[in-house]
Amino acid sequence: MNGSVTIIDKGAVRIHSYMAPDDSVHVTTQLIETPAQVVVVDAQFVLAYADEVAAYARGLGKPLDRVIVTHAHPDHFTGAARFGAPVHALSVVRDQIAALGDSQDPTGAVVPAADITPTVVIEPGTEVIDGVPFVFEAYTGGEATDELVIKLPEQGVLVAQDLVYHDIHLFLGNNDIAGWQKAIERLAGETGYDTVLVGHGTPAGPEVYDRITQYLADAAELLGDDGEAYKKAIVDRYPGYGSPFLIDIANRYLFGAGHA
């Protein structure tokens, strides 16, 4: 297996957190295994990694109920069709994905918009899936303009996806550090959740909120008008963090295509 899987046993629910290798910036797909089926959260960027995690999911021996896409960044939805299940998202996220048109994975493989545009709208609130309450909440501002957070209160699991990274450099291309800080404050105020599933990196505990809060504060301090200088400064401050290439991608949004 190219990626890696972390399994967390929560009794009636088991979490299988698939993390892609560094060449796909450690992006994650969460497989939430309930007693009789599997709910997929986010769907990878590299199609080969989507195929890998989809094969792993099918190997659990339960039908794949749905693919939930949390936000409209291609590294989380390009592989959605590989799971062969209906794709769900908030209406605003669905519309953002539809507006992007066809997608393309890093190998150049084109994915038609019809294959990746969600067809089922998620309404914020609680839905019981296979006897397990899932709480869907809409967040605005931060890593993406709009994001879905999923809570499993009976299991103490909070699926934050790209609002939280774990020991991975942050993608700041949305240029909304203040909005991200507010979102983390809101997440940190949630009680009763000992497991945080993140969008890049391995699962964490609530202590991850302090770490990402500090990183955002440091980024706000260091981010000036020179992308190369910012990358050097933030990598020097966080030398053990993975996927520094995310900084390069973000810098193209922040400073233009000619900047690293």
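**Exercise 1. Find which residues of helix H7 are buried, and what covers them.**

Step 1: Go along H7 in this predicted model and pick out the buried residues: Leu246, Ile247, Asp248, Ala250, Asn251 and Phe255.

Step 2: Recall that an α-helix has 3.6 residues a turn, so residues three or four places apart point the same way.

Step 3: Now look at the cover.

Step 4: Check what comes after the helix. Gly256 follows H7, and its phi is positive, near 105 degrees.

**Exercise 2. Work out how Phe171 and Tyr253 pair up, and classify the geometry.**

Step 1: Start from the whole structure, where a search turns up six aromatic pairs.

Step 2: For Phe171 and Tyr253, the ring centres are 5.6 Å apart and the planes make an angle of 85 degrees. Angles over 60 count as edge-to-face, so that's the label for this pair.

Step 3: Phe171 sits in the loop between strand E13 (157–165) and helix H4 (177–188), while Tyr253 belongs to H7 (residues 245–255); the pair links distant parts of the chain, 82 residues apart.

Step 4: Buried or exposed? Phe171 is buried at 9% relative accessible area, whereas Tyr253, at 61%, is exposed.

**Exercise 3. Describe the pair made by Tyr238 and Tyr241.**

Step 1: Their centres lie 4.9 Å apart with 55 degrees between the planes, which makes the pair tilted.

Step 2: Both tyrosines, Tyr238 and Tyr241, are buried.

Conventions: Residues numbered from 1 in each chain as written. Predicted model: local features only at pLDDT ≥ 70, side-chain atom pairs only at ≥ 80, totals over all residues. Heavy atoms only, no water. Phe/Tyr/Trp six-rings, centres within 6.5 Å; stacked < 30°, edge-to-face > 60°. Helix = DSSP H or I, 4+ residues; strand = E, 2+ residues; numbered from the N terminus. Buried < 20%, exposed > 50% of the residue type's maximum accessible area, 1.4 Å probe, protein only. Contact = heavy atoms within 4.5 Å.
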